[in-house]
Amino acid sequence: MAKPNKSPRPKAIAPKGFRDYFGTEVTERKAMLDRIAEVYHLYGFEALETSAVETVEALGKFLPDVDRPNEGVFAWQEDDADWVALRYDMTAPLARVAAQYRQDLPSPYRRFAMGPVWRNEKPGPGRFRQFYQCDADTVGAPSVAADAEICAMLSDTLEAVGIARGDYIIRVNNRKVLDGVLEAAGLHDTDEFAAVRGIVLRTIDKHDKFGDAGVTALLGEGRKDDSGDFTDGAGLGDLQIKAILGFVNAHNAVDSRLAQQASAIRDTNPKAADLLYTARDYASPVFSGQHALRATAGAVWNENVLNYLNEIVGESSIGFEGVQELRAIHELLKAQGYSADRIRIDPSVVRGLGYYTGPVYEAELTFEVTDEKGRVREFGSVAGGGRYDDLVKRFTGQAVPATGMSIGVDRLLAALRATGRIGSEAEGPVVVTVMDKSRMADYMQMVTELRQAGIRAEVYLGNPKNFGNQLKYADKRNSPVAIIQGGDEQERDVVQIKDLILGTKLAQSASLEEWKDRPNQFEVPRGDLVAKVREIIESYS
């Protein structure tokens, strides 16, 4: 008789594009999110937790024109024929909440949300299908004061979690300025130019990848890549392309103007010339000047950028409105002490301009790190956002102004690790070893005393037969101390306390003078257990 086929064992592997997070990672993330929440709460924002699942209809902009609406999202069909999906971001659920509870919520409504989101995209190195986002948004505030506040809060947040001033910059732009530039180039916001404007927006977004030459080709007849594939361009003329590149490269133009101004007055007013030369450094995210000089030079930079933008939008009313909004944000932040060394006007921020309707902002970390290929590079962006006044309108039919930002939690954690602000191995619990299984109640009592004193502790619950394995377990748990009490110690009412931190240090370098004469095991009266454990732990703090 043939043996029945055995069912294959499942592979012990996470699905592609997903990963597991262990103790220290989870602890570090929670600690960082707690600090961020404190800043948000200080600003008057309230926490909101929404369902991880939304209707595909509510996710609207991700609904493709196919039979199965799962492009970009993890979606499935319910029995009643409705399609639902895991949330793609935190903004779409906010728009639904703002519409659903609009009679009950205060207006403006200020909320923050933290949690995982899911994207049905091709995974890659460092790119996962599930990741954490940390958002803060204001719904119902048309004033750019709300945008300025988000930028200020983002600055405070970065510093609260450990990013030093000078190691980051928040760059601010405005979608309306680009609209003004497009109008000045003859590409008005009408159905006639909708397709071309879409190509232009997508092309501008690739400037950091393709540079001026690639963008010029895509704005013109088209571009052939290294593989020979050809991408049709927007078909713009030379003057139109020049106008758009003038917007994208505004920082270069301002840099050149400042240099010319400085050169013209260098002999007659060297102090003013030095200030102009210093302001030029704002064309680069890295600037090492003194703080007071940074603030003054940054203000000069912002003023020159705003003046330049006024010129390139020409007579466009929407472009002029965008520049005025940027000027208002600049003045509001300056009045609160957020000078341009922390938050500055920068037209090179183009990411997401197709989605946003007004101011946009991006937080960039400016210190250098070494990537996985050994290349030295700036860390880059960790947060971004802007004004999106049309999202809630999908539900209500009425315009509802909104602005907000999202922090890439994993990116920010990686930045903190790269700078050494977090990442040291977390201290584990004190381990009470088991010498006699019949005395488990005694060991549990020791653990309870330690916990009541605020000391993290556990009893070894594996097989106690091999005492060496118990100490190996304590080492693997990164325990600071092991408690030992056998029959002899019990009769004398004492305990042995083994200093595992010292053991680790001696194992790393037995010649360390500061440790070699220090005992690593103590015998103390049973009543002194808690005090001695605390003394050992605090001696390493």
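Let us start with a pair of helices: α4 (residues 175-184) and α5 (residues 194-204) pack at an angle of about 125°, and their axes lie 12 Å apart. Axes here are lines fitted to C-alpha atoms, for helices over the stretch in contact, and angles run from 0 to 180 degrees between N-to-C directions. Helices (H or I, at least four residues) and strands (E, at least two) are DSSP runs, numbered from the N terminus. The angle makes α4 oblique to α5; angles under 35 degrees count as roughly parallel, over 145 as roughly antiparallel, 65 to 115 as roughly perpendicular and the rest as oblique.

Please keep in mind that this is a predicted model, in which local features need pLDDT of at least 70, side-chain atom pairs count only at pLDDT 80 or more, and totals for chains, interfaces and linings use all residues. Residues are numbered from 1 along each chain as its sequence is written, and side-chain values use heavy atoms, with hydrogens and water left out.

A crossing is left-handed if the near helix is turned anticlockwise from the far one by less than a right angle, and right-handed if clockwise. On the α4 side, R175, L178, D179 and L182 make the contact, and α5 brings R197, V200, L201 and I204. Contact means heavy atoms within 4.5 Å. By class, this contact of α4 with α5 holds five nonpolar, three charged and no polar residues. Ala, Val, Leu, Ile, Met, Phe, Trp, Tyr, Cys and Pro count as nonpolar, Asp, Glu, Lys and Arg as charged, and the others, Gly among them, as polar.

A second pair follows. Helix α6 (residues 207-219) and helix α7 (residues 238-248) pack at about 165°, with axes 10 Å apart, which makes α6 roughly antiparallel to α7. Here, too, α6 passes α7 in a right-handed crossing. From α6 come H207, D212, V215, T216 and L219, and they meet I241, I244, L245 and V248 of α7. The residues in this contact of α6 with α7 divide into six nonpolar, two polar and one charged.

Next come the salt bridges, each being a side-chain nitrogen of Lys or Arg within 4 Å of a carboxyl oxygen of Asp or Glu. By this rule the model has 29 salt bridges.

| Salt bridge | Closest N and O atoms |
|---|---|
| E331 with K334 | 3.6 Å |
| R492 with D488 | 3.1 Å |
| K532 with E535 | 3.0 Å |

E331 and K334 both lie in helix α11 (residues 317-335), three residues apart, about one turn of the helix. E331 is partly exposed at 35% relative accessible area, and K334 is partly exposed at 40%. Buried means under 20% relative accessible area, exposed over 50%, and partly exposed in between (1.4 Å probe, protein chains only).

R492 and D488 are about one helical turn apart, because they sit four residues apart in helix α16 (residues 487-492). R492 has 39% relative accessibility and counts as partly exposed, while D488 is partly exposed at 45%.

In helix α19 (residues 529-539), K532 and E535 are three residues apart, about one turn of the helix. K532 counts as buried, at 15% relative accessibility, whereas E535 is partly exposed at 46%.

Finally, a network of salt bridges links R171, R344, D346, E362 and E364.
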